[in-house]
Amino acid sequence: MFDLFSWQHILILLVVLLVVVGPKDLPRLMHMAGKWAAKARTMANEFRRSFDEMARQAELDELRKEIEDLKKNNPIAEVANSMSEVGAVMSAPAAMEAEAAPQGASAPVEGGIEPRSGEFAVTASAVPEQVNEPVKEPSVS
């Protein structure tokens with residue numbers, strides 16, 4: 001705090017003040033100097049707080065701008081769109097195979113439940129057909 005003055009300079013200054021102001025008014029002068037120092041310190045703290053608030057506000061404005069840019073660009077939506085496009089491309093061969101297969105052979109049974117992962121689908125060819133024709137015995141010739 002007293003880097004500009006050495007202890008010898010401060011002692012000389014106090015002796016001069018004591019001679020010029022006098023011992024009676026020296027405490028009042030020191031009290032006024034303390035008040036001025038307190039005011040100066042308060043003003044410096046207020047300036048520092050306002051400067052910090054301006055810096056925080058600038059950071060918040062920058063963050064808001066970045067958020068708005070992210071909302072406009074929305075990289076997650078772009079990834080989701082590309083994934084849905086990949087899914088559509090991958091499911092296209094399966095749809096073509098389903099259309100090319102015979103209707104009765106591998107078509108799922110109507111009203112059937114979708115198979116879970118690892119299960120086989122029940123198809124019309126797997127369901128036994130009711131035979132109403134009489135059974136013919138083979139003839140021996």
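These legends cover close-up views of a predicted model. Residues are numbered from 1 along each chain as its sequence is written, and side-chain values use heavy atoms, without hydrogens and water.

**View 1. Helix H2, residues 26-73.** Helices are DSSP runs (H or I, at least four residues), numbered from the N terminus. Mean confidence in the protein chain is highest here, at 92. Just after H2, Asn-74 has a positive phi of about 45°.

View 2. A salt bridge puts a side-chain nitrogen of Lys or Arg within 4 Å of a carboxyl oxygen of Asp or Glu. Arg-56 pairs with Glu-53, with closest N and O atoms 3.0 Å apart. Arg-64 pairs with Asp-61 at 3.3 Å. Arg-64 and Asp-61 are separated by about one helical turn, because they sit three residues apart in H2.

**View 3. The salt bridge of Asp-25 and Arg-28.** Their side chains meet at 2.6 Å, N to O. Arg-28 is exposed at 54% relative accessible area, whereas Asp-25 is partly exposed at 30%. Buried means under 20%, exposed over 50%, and partly exposed in between (1.4 Å probe, protein chains only).

Methods: This is a predicted model: local features need pLDDT of at least 70, side-chain atom pairs count only at pLDDT 80 or more; totals for chains, interfaces and linings use all residues. Helices (H or I, at least four residues) and strands (E, at least two) are DSSP runs, numbered from the N terminus. The expected span of a helix is 1.5 Å times one less than its number of residues. pLDDT is the predictor's confidence in each residue, from 0 to 100.
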